[in-house]
Amino acid sequence: MPWPAAPIASRERVAVRVRVRDTAGGWTDWSPAAHAEGGLFDTGDWTARFVSPRGLGGADAPAPLLRGRLDVPGEVTRARLYVTSHGLHRAELNGQRVGDDELAPGWTSYPNRLRYRAYDVTGLIAEGENVLDVALGNGWFRGRLGFRGGRALYGDRLALLAQLEVTTADGRTHVLATDGTWTAGETDVVANDNYDGQRTDLRRPARPAATDPVDVLDADLDRLVAPDGPPVRVTEVLPAVAVTTSPAGKTLIDFGQNLVGWVRLRVRGLPAGTEVTVRHAEVLEDGELGVRPLKTAKATDAYVLAGPDEVTLEPVFTFHGFRYAEISGVAELRAEDVEGVVVGTDLRRTGWFESSHDLLNRFHDNVVWSARGNFLDVPTDCPQRDERLGWTGDIQVFAPTATFLFDAAGFLTSWLADLAAEQHADGSVPFVIPDVLHTERPAAAAWGDAATVVPWVLYQRTGDAGILERQLPSMRAWVDCLAALAGKDSLWTGGFQFGDWLDPTAPPEAPAAAKADPDVIATAHLARSAEIVASAAAVLGDRDTERHYTDLAARTREAFAREYVTAGGLVISDAQTVYALALEWALLPGERERAGAGRRLADLVRTSGFRISTGFVGTPLIADALTSAGAVDVAHRLLLQTGVPSWLYAVTMGATTVWERWDSMLPDGRINPGEMTSFNHYALGAVADWLHRTVAGLAPGAPGYRRLVVRPLPGPVLTSASARHLTPYGEAAVRWQRADGRFTLALRVPVGSTATVHLPDGSDAVEVGHGDHEFACADPYPKSPELPGDPTVRDVLDHAPTWAAVAAAAVELGAVADDREAAGRAVPYLDAPARELADAIAPPIISPHADTFRARLAALLG
């Protein structure tokens with residue numbers, strides 16, 4: 001809700017209490033007070049100026065430290081430090097660290113928005129002289145950034161802006177602000193970079209004398225903003241699970257989890273000058289670190305020791321994506337001396353899922369870990385190679401999953417503010433935010449649509465219309481850009497597109513060469529984003545804007561159907577993705593076309609051997625599209641497939657995060673030869689939103705979960721599933737189980753919400769209010785499904801045990817290489833009697849196994 005009182009002034013501290021009125025008009029007691037305090041809201045509140053070391057702190061020089069001193073003449077009652085920087089900063093006040101955030105101030109569109117943070121440092125200030133030391137690192141501001149080899153993209157000088165305000169018992173305020181009186185020195189961090197790592201020489205002082213002068217820089221303070229969400233912090237520390245020796249004799253550490261952060265290492269008894277090196281990688285190949293996916297990122301931390309005393313080694317100004325570390329320079333390394341420090345934006349966990357299927361549960365855990373690793377101040381694509389950029393397409397498809405799993409509203413609100421700030425004058429949206437690629441007129445379907453989809457998802461999941469109000473100009477500008485590109489025929493065709501990126505049929509060297517036609521994808525997104533803008537305008541009461549974009553969406557849908565859809569519901573390029581788009585975004589003109597498209601999508605999944613055939617665009621939609629087409633069991637077969645490509649294949653290969661490619665690691669344990677080969681990408685994990693809403697059955701029915709829709713669709717394999725989410729109204733939870741011929745459902749509805757419950761037996765929906773509720777009905781799958789009498793080939797494919805036996809027989813006889821090839825050969829025979837599978841899989845005219853296979857098939861079919 002909006003702030004209910006007068007706006008808070010800079011530095012003003014207020015107490016907030018709340019109470020609730022019930023339906024009978026009674027009031028609860030007041031809550032305990034929560035306190036809020038205004039930051040520095042106006043440029044005039046700052047007396048500090050940006051300062052930079054003179055003659056020190058160059059790009060290839062040791063990290064500088066800046067020092068200021070403040071004499072406090074009395075008892076301290078309050079002290080605040082306001083600070084930001086060009087580059088990263090780590091502050092100490094009187095030798096004690098300020099705050100617990102890492103890699104501050106994070107990464108924003110620095111020319112437009114630079115975050116500062118306020119710290120309560122009252123407990124760190126003493127009467128008399130106080131010393132504020134702030135070390136600076138390169139970070140995103142001046143380090144390597146992007147796969148084009150760029151460096152110092154925002155400037156070549158590190159700088160600090162700090163303002164320490166101390167109030168004493170006599171009511172006076174004493175201020176230490178960065179200015180020309182500050183001094184500088186060189187620290188023991190002799191090199192640092194996000195991609196390459198950090199080198200530290202412990203023979204040098206960590207807190208130098210700092211006697212060199214600084215320069216005052218002319219920098220714009222109008223771009224200073226307070227943070228919208230939490231900072232990057234250490235969120236977990238993992239022990240080493242194994243210390244082994246590689247075939248090449250290297251010492252390898254396995255943390256058992258692909259994580260983002262760094263290695264913390266304790267060493268002792270080593271002479272001065274000893275160099276300890278830590279290299280990082282996500283996977284092993286041939287028993288050694290698999291570093292090729294890092295591309296040019298060195299991902300190496302090194303330490304030169306000062307002597308034999310025990311010391312803890314860990315970097316300050318870098319981070320890595322890794323499961324494995326190779327450590328040299330330490331003989332007889334003990335597992336208890338090594339830890340994996342996990343860092344990321346410290347988002348509150350709000351969503352959980354669990355089922356009776358162990359591999360599915362591990363997959364969901366992998367989705368969570370990929371979000372944790374890539375939500376590091378901006379929503380990045382990957383955390384390990386020379387990229388780590390805020391790709392718009394990735395978060396566009398993942399936003400629904402992200403907002404269920406985490407309280408990501410502030411985090412994404414900040415990122416959307418950067419998107420709006422860097423959007424081009426013609427409305428086109430950069431491919432990455434913050435924009436370091438600087439592509440001319442960057443308009444790509446599904447990527448730029450983050451401008452409309454992400455704010456709409458935030459509104460749906462939080463109920464906060466303020467995000468729509470702030471982003472509507474950006475949302476409109478994007479759709480207007482697309483409408484101009486589409487022209488009078490309302491078809492967005494031609495030009496560069498990422499398309500259905502990393503479709504598994506695309507060659508390793510050509511990730512955009514997907515089966516789905518890029519013009520179909522582009523026009524579909526124009527229709528979808530126009531509809532979203534119309535809906536956002538309706539929420540805000542802007543009827544003229546609503547009508548304009550409603551009409552645009554309708555014209556685009558008509559053009560889509562006219563150009564790309566046949567009378568029977570086939571869609572141009574005949575790929576799983578185009579059918580998913582058409583079905584989920586109402587792009588088909590009538591029930592006949594819709595039914596035909598649904599049948600075709602299900603058949604494409606069947607004849608792929610229930611393997612996934614979508615890339616970044618289609619993956620979030622395919623399970624929903626199958627569900628809405630009435631092919632729920634096909635969706636479950638697709639979900640629980642373990643062959644490559646599939647969601648669970650990576651789990652069977654030991655993955656602990658979601659991969660960028662369906663086969664980032666090949667079945668033989670080799671790393672995929674393609675350049676786009678990350679082992680920590682959340683995009684393909686977007687199906688988790690379907691797990692929450694459809695498998696478990698916990699979906700929002702109104703913005704902010706004011707109403708819940710509980711409609712679990714269990715499928716024939718799972719015997720239980722549950723989902724829990726901390727909604728704006730409180731905890732909502734669903735748990736169901738199939739046992740003894742009964743389906744039982746337990747539901748928790750938070751106060752302020754209602755729920756519509758649909759049981760899988762097709763009985764009438766039930767409306768319930770807040771509280772705990774239980775429901776039961778007959779198990780929709782009381783026993784294993786049987787093959788129907790006079791089955792068709794399609795029936796055999798749908799009957800998992802029979803199809804497994806048929807495919808195994810074909811493989812054993814050498815008629816096909818695997819079940820996927822067998823399913824592909826069935827394409828022309830789906831409606832034929834099941835016995836004709838013999839002609840499909842082992843044609844008599846060409847197969848030496850035809851007679852044998854025909855006999856085996858007859859036996860299997862009874």
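Trainee: Which residues is glutamate 127 in contact with, leaving aside its neighbours within four places in sequence?

Mentor: In this predicted model, glutamate 127 is in contact with Val72, Pro73, Gly74 and Glu75. They are called contacts because each has heavy atoms within 4.5 Å of glutamate 127.

Trainee: How far apart are the C-alpha atoms of glutamate 127 and glutamate 75?

Mentor: Those two C-alpha atoms are separated by 6.1 Å, while the residues sit 52 residues apart along the chain.

Trainee: Where is glutamate 127 found, and why is it called exposed?

Mentor: Glutamate 127 belongs to the loop between S9 and strand S10 (128-137). Its relative accessible area is 57%, and exposed means over 50%, so glutamate 127 is exposed.

Trainee: Let's turn to the cysteines. Why is cysteine 382 called buried?

Mentor: Buried means under 20% relative accessible area. Cysteine 382 has 0%, so it is buried.

Trainee: Now the pockets, please. What is the volume of the largest pocket, and which residues lie nearest its centre?

Mentor: The volume is about 1700 Å³. The lining has 38 residues, and Met1, Pro2, Trp3, Pro4 and Asp464 lie nearest the centre of this largest pocket.

Trainee: Which element gives the largest share of that lining?

Mentor: H4 does, with three residues of the lining of the largest pocket. Other elements that each supply at least two residues include strand S5 (76-86) and helix H6 (466-486). By class, this lining has 22 nonpolar, eight polar and eight charged residues.

Trainee: What about the second largest pocket: what is its volume, and how many residues line it?

Mentor: Its volume is about 1000 Å³, and 37 residues line it. Arg528, Glu584, Asp624, Asp689 and Arg693 lie nearest the centre of the second largest pocket.

Trainee: How do its lining residues divide by class, and which element gives the largest share?

Mentor: They divide into 21 nonpolar, eight polar and eight charged. H5 gives the largest share of the second pocket's lining, six residues. Among the other elements supplying at least two residues there are helix H7 (518-540) and helix H14 (688-696).

Definitions and conventions. Residues are numbered from 1 along each chain as its sequence is written. This is a predicted model: local features need pLDDT of at least 70, side-chain atom pairs count only at pLDDT 80 or more; totals for chains, interfaces and linings use all residues. Side-chain values use heavy atoms; hydrogens and water are left out. On a 1 Å grid over the protein atoms alone, a cavity is a set of points where a 1.4 Å probe fits but cannot get out, and a pocket is an open set with protein on both sides within 12 Å along at least five of seven lines; lining residues have an atom within 4 Å of a point. Grid points are joined across faces, edges and corners, and a volume is the space filled by probe spheres set on the points. Helices (H or I, at least four residues) and strands (E, at least two) are DSSP runs, numbered from the N terminus. Ala, Val, Leu, Ile, Met, Phe, Trp, Tyr, Cys and Pro count as nonpolar, Asp, Glu, Lys and Arg as charged, and the others, Gly among them, as polar. Buried means under 20% relative accessible area, exposed over 50%, partly exposed in between (1.4 Å probe, protein chains only).
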